Amino acid sequence: EVTTRASSPLSDNTTLRILAFRRVGQSPDLQADEYMGEGTYRASSGNGSLTPVHSLLLRAGSYDFYALTPETATASGGGGSGIPGGGGGTTAPPYTVSVGHGMDYATSLTGQQTVVGASAPVLLNDLGRRCTKLIFELSPKAGNITSVGVESAGLTNMTHAPIEAALHTALPVSGAAQDDELTIAGGEFSAPDADLNTSAATVTLPREAGKFRFKMNVAFNGKAAAEFAADMPETLVFAPGTQYRFTMKMKGGSIQLILTVLP
């Protein structure tokens, strides 16, 4: 497992929502801080710069900026100020988001930034991913296999979706039910390469330890598909900001399932 990784720019066309708050106390507190506005932006130019879709306009002053992506991971709020979608003062409830499987949810908080004019840029802190990436890979490596077709792959006993969380906090999966089943259809898998390797990826909610199973349905050499399944270690957790690669390999008369964990 690699413990560090350099940041990379947002992919072009990734949507970002930015909310501005005026801080009331010494530290950020969404229950007390005053909502001042929000805007939506789209990454462009291949370098992480943002193009406005709906601009965030603010008076000169000092603000905390909360950023979240995708923009559809809508933060909700309400209360005292009468601003649509916003609160203001101590009557505002915490801003929350609803996150489900398949949503590459990431957030950042950039505190106490001074806005002095229309041309003054604000450099946002790096986004931190709150979900988990899963990769399913078939790597036959067997001379008697001439064709492969993955019909589906997935895991049982996943975290029940959606999960509600306060903006810019870890998703509270502790104690959540583990009754969802994750399935990736065969059409999501890449076309097999010259060595018949094929893979597919998805993003899922983090997961606490507990029983679950790996399943992959594969057709070899044009025959009917067969299901290959394995009980996974009950101690395995899916941590946020981490990817887990499940690689199924054929070796002689046996099958190997290899798990690789990376940031």
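Visitor: Which residues line the second largest pocket, and what makes its lining five nonpolar and five polar?

Guide: In this predicted model, the second largest pocket is lined by Ala142, Asn144, Ile145, Phe220, Asn221, Met250, Gly252, Gly253, Ser254 and Ile255. Because Gly is counted among the polar residues, this lining divides into five nonpolar and five polar residues, with no charged ones. The space in this pocket is about 150 Å³.

Visitor: How much space lies in the largest pocket, and which residues lie nearest its centre?

Guide: About 1,800 Å³ of space lies in the largest pocket, and of the 50 residues that line it, Leu10, Leu16, Asn125, Asp126 and Leu127 lie nearest its centre. Two or more lining residues come from each of β1 (15-22), β3 (49-54), β4 (61-69), β6 (106-115), β7 (128-129) and β8. By class, this lining has 27 nonpolar, 18 polar and five charged residues.

Visitor: Why is the contact between glutamate 38 and arginine 17 called a salt bridge?

Guide: The closest N and O atoms of glutamate 38 and arginine 17 are 2.4 Å apart, and the cut-off is 4 Å, so the pair counts as a salt bridge. Glutamate 38 lies in strand β2 (residues 34-44) and arginine 17 in strand β1, so the pair ties together parts that are 21 residues apart in sequence.

Visitor: Why is arginine 17 called buried, and how is glutamate 38 classed?

Guide: Buried means under 20% relative accessible area, so arginine 17, at 6%, counts as buried, whereas glutamate 38, at 25%, is partly exposed.

Visitor: How do you know that arginine 213 and aspartate 231 are classed as they are?

Guide: The side chains of arginine 213 and aspartate 231 meet in a salt bridge, at 2.7 Å from N to O. Arginine 213 lies in strand β13 and aspartate 231 in strand β14 (residues 226-231), so this pair ties together parts 18 residues apart in sequence. Exposed means over 50%, so aspartate 231, at 59%, counts as exposed, while arginine 213, at 33%, counts as partly exposed.

Visitor: Which residues have the most contacts inside the largest nonpolar core?

Guide: Within this core of 27 residues, those with the most contacts are Leu134, Phe136, Leu155, Met216, Phe238 and Phe246. At least two core residues are supplied by each of β8 (132-139), β9 (148-158), β11 (180-185), β13 (213-220) and β15 (243-251), and the largest share, five residues, comes from β9. Apart from this core lies another, of 21 residues, among them Leu19, Leu30, Ala165 and Val203.

Note on methods: Residues numbered from 1 in each chain as written. Predicted model: local features only at pLDDT ≥ 70, side-chain atom pairs only at ≥ 80, totals over all residues. Heavy atoms only, no water. Core = buried A, V, L, I, M, F, W, Y, C linked by side-chain atoms within 4.5 Å. Buried < 20%, exposed > 50% of the residue type's maximum accessible area, 1.4 Å probe, protein only. Helix = DSSP H or I, 4+ residues; strand = E, 2+ residues; numbered from the N terminus. 1 Å grid on protein atoms, 1.4 Å probe; cavity = no way out; pocket = protein on both sides within 12 Å on 5 of 7 lines; lining within 4 Å. Points joined across faces, edges and corners; volume = space filled by probe spheres on them.
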